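Trainee: I have a new structure open and I'd like to learn how to read it. Could you walk me through it, feature by feature?

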Amino acid sequence: MRIDEILSRKRTLSFEVFPPQKGSEDKEKLFGAIESLKELSPDFISVTYGAGGSNSKDTVEISHTIKKMGIEPLSHITGGPSAPEEIKRLSEELEDCGVENVLALRGDKPIDMPEDFEYAKYYHHASDLMEELKGKFCLGGACYPEGHFECKTLGEDLLNLKKKQDAGAKFLITQVFYDNSYYYRLLHEAKEAGVTVPIIPGLMPILSVKSIHTVKALCGSVIPLDLRNMIEKYATMPNVMHEMGINYAVYQITDLIAKGAPGIHLEIMNKAETAFEICGRLKNVFGELFR
Ligand code: FAD
């Protein structure tokens, strides 16, 4: 089912997974995790796509498996590394697997790509990829509550966000954030810029010192002072740190839902137990406010 149709009826609960790097054993583990996530009735599960494009087969295979398990997949595609014929082949493969939803992205040139490789040669921006894919899939795009790092101002970024909507995006998922006020500011400013599609907040709990490095490497999101203080205090106590991270995500979600967020998208680093811990503490919120 198309995600825009689901969003028109209800608030969505969704998870993000990524293709494991180490091959078949980890993939089987991931499939087991996805199977168990069915119990939480997610509205969709998104599957990331390598910025260099080399793991596109894994994204297709995992999306297909999710579909076969009876959950709606959202397949990410980064246009940056690809030529139009590759995008055509990939979109045919996804269509053959019954995938209806694609998160269209540009990606960033990986550091290990040859210097002379012209990244984003054919699809300069996500909106160019959307123009190519619209009509084939229900399209989503990425957005940035703290502004995208290449943009000088948030205003400029928002004008570009409107271009994604004009190019066919039916919903947006945010970069992860830890201070909800960035999300509320984005909602307000995006509306002023004419962006009317639902903007789903993307969250990733910080459960260990290692995950702080992941956040820094992935997006550099601001860590608010109160969270930073707790991280510093609990860094040497893994169990306390883990509990704090779960509780902080629970707090963020409760606040976001109270203020009307159209859904919650959780990056769970392929760990079903993270989803279960968070959803377990929010049984009534998900039970009563996500119908
Ligand atoms: P764009 O929309 O092209 O934006 C990049 C920059 O260009 C921004 O500064 C924007 O303001 C500007 N811009 C956008 N459109 C235009 C236009 N038409 N004209 C002029 N300027 C424009 N990366 C991966 O490699 N794989 C993934 O699976 C993946 N999933 C992600 C999921 C989410 C929810 C998010 C938030 C990010 C994800 N990323 C992923 C990271 C993403 O690829 C990077 O953030 C990248 O830097 C920008 O991608 P984009 O699609 O937003 O690009």
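This is a predicted model: local features need pLDDT of at least 70, side-chain atom pairs count only at pLDDT 80 or more; totals for chains, interfaces and linings use all residues.

Trainee: Let's start inside. How many residues does the largest nonpolar core have?

Mentor: First the idea: a nonpolar core is a set of buried Ala, Val, Leu, Ile, Met, Phe, Trp, Tyr and Cys residues joined through side-chain atoms within 4.5 Å. Buried means under 20% relative accessible area, exposed means over 50%, and partly exposed is in between (1.4 Å probe, protein chains only). Here the largest core has 66 residues, and Phe15, Ile34 and Ile253 have the most contacts inside it. Helix α10, residues 238-258, gives the most to this core, with 6 residues. Another core, of 12 residues, lies apart from it and includes Val176 and Met244.

Trainee: You mentioned a helix. How are helices and strands picked out?

Mentor: They are DSSP runs, numbered from the N terminus: helices are H or I with at least four residues, strands are E with at least two.

Trainee: And what does isoleucine 253 touch?

Mentor: Contact means heavy atoms within 4.5 Å. Leaving aside neighbours within four places in sequence, isoleucine 253 is in contact with Leu203, Ile264, Leu266, Ile278, Leu282 and Phe286.

Trainee: Now the ligand. Which residues come nearest to it?

Mentor: A residue counts as near if one of its heavy atoms lies within 4 Å of the molecule. There are 26 residues around the ligand, and Tyr49, Asp108, Tyr144, His148 and Asp157 come nearest. You can then look for polar contacts, pairs of N or O atoms within 3.5 Å; within protein, one must be able to donate a hydrogen and the other to accept it, and residues adjacent in sequence count only if both atoms are side-chain atoms. A ligand nitrogen is 2.6 Å from a polar backbone atom of tyrosine 49. A ligand oxygen is 2.9 Å from a polar backbone atom of arginine 106. With aspartate 108 it's the side chain: one of its N or O atoms is 2.6 Å from an oxygen atom of the ligand.

Trainee: How many salt bridges does a search of the whole structure find?

Mentor: Side chains of opposite charge can pair when their charged atoms come close. For a salt bridge, a side-chain nitrogen of Lys or Arg must be within 4 Å of a carboxyl oxygen of Asp or Glu. The search of the whole structure finds 15. Take aspartate 58 and lysine 27, whose closest N and O atoms are 3.0 Å apart. Aspartate 58 lies in helix α3 (residues 56-68) and lysine 27 in helix α2 (residues 24-37), so the pair ties together parts that are 31 residues apart in sequence. Lysine 27 is buried, at 13% relative accessible area. Lys27, Asp58 and Glu61 are linked in a network of salt bridges.

Trainee: Where do glutamate 277 and arginine 281 lie?

Mentor: Both are in helix α11, 4 residues apart, about one turn of the helix. Glutamate 277 is partly exposed at 25% relative accessibility, and arginine 281 is partly exposed at 38%.

Trainee: Last one: what is phi at asparagine 270?

Mentor: Asparagine 270 has a positive phi of about 65°, although it is not a glycine. Asparagine 270 lies in the loop between β9 and α11 (272-281), and is buried at 16% relative accessible area. Alanine 120 also has a positive value, with phi near 55°. The loop between β4 (101-105) and α5 (126-133) holds alanine 120, which counts as buried at 12% relative accessibility.

Technical notes
Residues are numbered from 1 along each chain as its sequence is written. Side-chain values use heavy atoms; hydrogens and water are left out.
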